[in-house]
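Please find below a colleague's note on the model shown here.

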Amino acid sequence: MLYGTLFIVCIYYILPLWVMVMTSLKGMPEIRVGNIFAPPVEITFEPWVKAWSEACTGLNCDGLSRGFWNSVRILVPSVILSIAVASVNGYALVNWRFKGADVFFTILIFGSFIPYQVMLYPIVILLREMGIYGTLSGLVLVHTIFGMPILTLLFRNYFSSLPEELFKAARVDGAGFWAIYFRIMLPMSMPIFVVAVILQVTGIWNDFLFGVVFTKPDIYPMTVQLNNIVNSVQGVKEYNVNMAATLLTGLVPLTIYFISGKLFVRGIAAGAVKG
Amino acid sequence: MADGARRNPLFRNLTAKLAAVPMVLTALVVFAGGTVWTVVYSFTSSKLLPKLKWVGLDQYERLWGASRWLVAIENLLIYGVLSLVLTISIGFMLAVLLDQKIRFEDTFRTIMLYPFALSFIVTGLVWQWLLNPEFGVPSVIKAMGWESFELDLLHDPKIVLYGLLVAGLWQGTGFVMCIMLAGLRGIDEDIWKACRVDGIPRWKTYLFVIVPMMRPVFITTLVIVASGIVKLYDLVVAQTSGGPGNASQVPAMYVYDYMFQAQNLGQGFAASSMMLVSVLIVLIPWAYLEFGGRKRG
Amino acid sequence: MKTKTLAALLCSAVAVPLAANAVDLEVTHWWTSGGEAAAVAELAKAFDASGDHWVDGAIAGSGGTARPIMISRITGGDPMGATQFNHGQQAMELVEAGLMLDITDVAEANNWKSIVNPPSLLDACTIDGKIYCAPVNIHSPEWLWISNKVYEDLGIPVPQNWNEFVASAPQVEAAGKIPLALGGQPWQSNLAFGAISVAVAGLDVWKKVNVDKDMDVAAGPEYAAVFKAAADARKLAAKSNVQDWNQATNLVITDQAAAQIMGDWAQGEFAVAGEVAGKDYTCLPGLGLNAYLSTGGDAFYFPKLDDPEKEAAQKRLAALLVAPETQVAFNLKKGSLPIRGDVDLATANDCMKKGLEILASGNIVPSGDMVWSADVQKQIEDLMVEFWSSDMPAEDAQAKWVEILKSGL
C-alpha cells in the first residue's frame, strides 16, 4: 500500500523528465508521428549537439555554449556574496539584537513578496545612480538583494536553534562579533550553508529577467540563449532541440540536487525550520 | 569601555550594527524605498518614463474598472488558496509517507525534489506539452481505449487554472516535503512513545500532536509558498500566456503588460501597489504574532 | 559641457578624413526566427563590410520581452548603439526625454524625404520636425490566407473576398473543418479585428475614427457593422485552439482550416512548406473587400552615446539601413516590403507583388502604432481577447471600445 502510493506519486514526478529526455533523443520526423512517451526508435544526439553549439540566437550560432561560462561568472560571486551577507544578517538578528531589528526583518520578509517586475524601475534608477548599471557587479548586487529575504529567514531560524550558552560563553571570554561568527557560528552551520548554496544556485542559475535587464550581451547568462532558442516562434518548432536545451540548462542545478539531496534535507533538519 | 557603552547606547555593539548595514540598507532603500516610490508614481500619469504629473486616483479607478484585472485577482485567489492548501497538505503527507522508515527513501526523495531545480519557464513548457490534448497525456488515455475522455487543461477556459495548478504542484511540493520531513525528524522520539502508550491512533497523533508542534515549520513554509504565489508570472506566461482569452490571467502579468507593453507606468504601478497592499494586510498580523508573542514569552 | 562639444567637433573632424576607424556598435532587436535572423544577417554583413562592426544583441520572444530590456538599458544610462522599435508612438517619450540621437542630417544628406514611400513612415519617425529613426521595412496585417484544397474538396470556388468566405463557412464546417484559424495569443485577436475593421468599414470611415478621432462615427452604424462582422468571425474561429500564429497558419497549410487572417509574414510559412501562391493557397489583401493595407513596420532608433566616434558610426548605420542594396537584400529575406519605391524586387512572389501594387497605388492607411498610444492599443487588445473568447454581444463590445478610444484622446 505504502509503496504503491509512493510509486504512483513518483510517476507524476518522473513523467515530465522522462518525456523531456525521450524527446530530446528523437529526430523531428519521429516526434511528429510518434507518441511522446515512447522511447526513441532511433537514438540521436543531434539535438543535444545542436542545442549546445549550433542553435542560433540572432546572428550568433553557437548555441548555449556561449552563455555557459557567463552563467558561471555570474553565479559564483552572486552565491558567495548573497550567502555571506545573509548569514551575517541572521547571526546579527539572533545574537546581537538591536533596536528596530524586527522591523527591518519584517520589511525583508515583505520584500520577498514583491514581484520582481515591479522593482525593475527603482533598481534601474538605483544602479544608474551608483554607476554600476550594466556591469557584472551590478547584477551580483541585484542577486544579493533579492536573495536576502528568504536566506536571512533561513539563517535566522538556524542560528536561533543553536544553544545560546555557546554564544554567551564566548562573550564572557571577550570574543567580539566577528570572532564569534568565524570561530563558533561558521563551523557549526555547515548544513544550513549547504541549503543556502543549493537554493541560490538554483535561483540564480535559472534567472532570466535580471540577467538580461542588468547586463550586456557579452555577459548574458545561459538562460538568455535558452529563451532565444525556445521562444523563436517562426518556422517549425524543433521540440527535440528545445528539450535538449532545457535539459542542458537545467543540468547544473539538477546535478547539485542529485548529489546533495541528502545534505539538503539534513541541512533543513539540522534546524533551519525551528523557529 | 562598559562606561562608554552606557553613556551612548548608539555605539553599543557597534560592529554588529555595522554588519547589519547591508540588511538595513536593502530593507530601507530597496524594499521600503522601492515600494514608496511605486506607490507615489501610481498617482501620476506616467507613461513610458516616470514623471510626476499628478492625476489623483484616476489610475485606481481605471484599474478596478478593468475586467482583465478583476479576472486576474479572482484567478490569483482561486489558484492561491488551492495551491497553498494543496502544496502544504500534499507536502506534509508525502513527508509522513517517507517518514515511515521505508527503503529507498533517498531515491524517492530525490525524485520528488528534482523539479524544484528547474525554472518555472521550463516547468510551464513541459506541462504545456504533457497536457496537450492532441499528443499529451489525454491522447494517451484515449488511445488506451477510453474514447470519450476529454480533459483539455490548456484550452478550456473553465479548467485552465487547474492545469496551472498541476504544473505548480509538480514543481513546488517536493521542496515543501523536504522541509516537512526535516520538521518531522526533529520531533522527539519520546513523544511518539508517549502517544503509543496512551493508545492514540497514529493518524490522530500526527494531526493533533505533531502538527501543532511543527508550527514554526508551517510558518516558514507558508511564507515561502505564499511569496511564490503572489509573484506567479513565469509559469503562466510559459504554459498558457494568460489564455485562452483572459481565463488564466494573474496580477503580475497585468502589471508587467501595462508597464512595458502598454507603456503606462502609472497603471502598472497602481496595480502593483494594490498587490503590495494586500501582501501587507496578510503580513502585518504575522509580524505581530511572530514578534509580539516572543517578547512576552 | 563646452569642452566636450569642442572635443566632439575635433574628433569628428579627425574621424571623417580617416574614416577607417572601425567602431563596435551593439544593435538590439527581437528578430530571432530563421527568416528574421537571415534578414538581420544581411544588415550586419553590410555594416561589417563598410568597415565597422555589428555586435548582435538579439532577444527572442517578440517585442513584449525585448522592449522592457531596451527601455531599461536606455534609461539606465547604458544604451546600445541602435535598437529596433515598431515605429510610431513607442519611442516618443524616449525622444522627448532627450535620450535619442537626432539623425535629421543623415536623412537630409540621403534625401529620405523624397525616397521613403509611403511618407507616413518617415512622419512616424519625425518629432518636432526632427528625424529620430530609420525605417527598414513595411508589414501589413490585413491579409486573408485561404487554403485552395479545402474548397476544391468541397467542389465550390475559392472565395474572393470576406463576404464570400463567410457565406461558404457552413459548408466548410459541414465537412468537419475549421472555417477560420485563429491563434490564442492576444495580439492575434487584435490583428483580426483591425483587418476586419479596415475591410468592412472602408477607408473613409476608418480614417474618420482613427485619424480624425471622430467618436460619433466610432459609435455609429458603420462600426456596428464591423463589430457584427467580427462577431461572425468569432463563431467561425470557435473550434480553433492553437496558441502561436504559425500554428494557426499551419492549420491552413495542412488544410485542416479554410482560412486565417494574418499579416504578410504568413507567406513565409507557406513558402517553407513548399506551397505556391495562387495554386495551393490564395492571399487576399484587405480581406478582398477594400484593397487597403496599413503600413506598420520596424524602425531603428539610435540612443545618444557620449562618444563622437560611436555617434558617427550610428549615423553611418542609419544611412546604410535605408540604402537601396540593403533594402533589397533585407526585405527579400524578411518577406516584407521595402520602404522605398525605387528599388526592384524582381524575385518577389505573387502575394508580395500584390502588396507592392497596392503600395504603389497609394491605397494605404497608417498603422495602429502610429495613430494610437500603446496604452490605448493594449486596452483594445484586452477587450478583443475578451470579445473573441466569450459571447460578449457586438453592441457591448463596441460601447467598450469607444470608451477606450475616448480615454486616449
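1. The UniProt record, an unreviewed entry, assigns the feature "domain: ABC transmembrane type-1" to residues 73-286 of chain B. In this predicted model, that span of chain B is 73% helix and 0% strand.

2. Chain B touches chain A through 75 residues of chain B and 68 residues of chain A. On the side of chain B that touches chain A, the largest share comes from helix α3 (residues 21-41) of chain B, with 12 residues. That side of chain B comprises 55 nonpolar, 15 polar and five charged residues.

3. Chain B also touches chain C, with 19 residues from chain B and 21 residues from chain C. On the side of chain C, α3 (62-75), α4 (92-96) and α20 (374-389) each contribute at least two residues. The largest share, eight residues, is supplied by α20(C). By class, the side of chain C that touches chain B holds seven nonpolar, eight polar and six charged residues.

4. As to overall form, the radius of gyration of chain C is 22 Å; this agrees with the value near 22 Å for a compact globule of 409 residues. The C-alpha trace of chain C spans about 75 × 45 × 35 Å along its principal axes. Chain C contains 21 helices and 13 strands, and 55% of its 409 residues are buried. Of the contacts in chain C with a separation of 6 or more, 77% are between residues 24 or more positions apart.

5. Why is strand β3 (residues 82-86) of chain C described as largely enclosed by the rest of the structure? The description holds because five of the five residues of β3(C) are buried; the criterion for a buried residue is 20 or more other C-beta atoms within 10 Å of its own. In a regular strand, side chains alternate between the two faces of the sheet. Both faces of β3(C) are covered, with A82(C), Q84(C) and N86(C) buried on one side and T83(C) and F85(C) buried on the other.

6. Which strands pair with β3(C)? Strand β1 (residues 24-29) of chain C runs parallel to β3(C) and is joined to it by two bridges; here V27(C) stands opposite A82(C). Strand β12 (residues 298-301) of chain C pairs with β3(C) in the antiparallel sense over four bridges, and A299(C) in β12(C) stands opposite F85(C).

How values were computed: Residues numbered from 1 in each chain as written. Chains lettered and ligands numbered in written order. Predicted model: local features only at pLDDT ≥ 70, side-chain atom pairs only at ≥ 80, totals over all residues. Rg over C-alpha atoms; globule rule 2.2 N^0.38 Å. Buried ≥ 20, exposed ≤ 12 C-beta atoms within 10 Å, placed from the backbone. Contact = placed C-beta atoms within 7 Å. UniProt positions renumbered as here; feature names shortened; annotations may be inferred. Nonpolar A, V, L, I, M, F, W, Y, C, P; charged D, E, K, R; others polar. Pairing = 2+ DSSP bridges.
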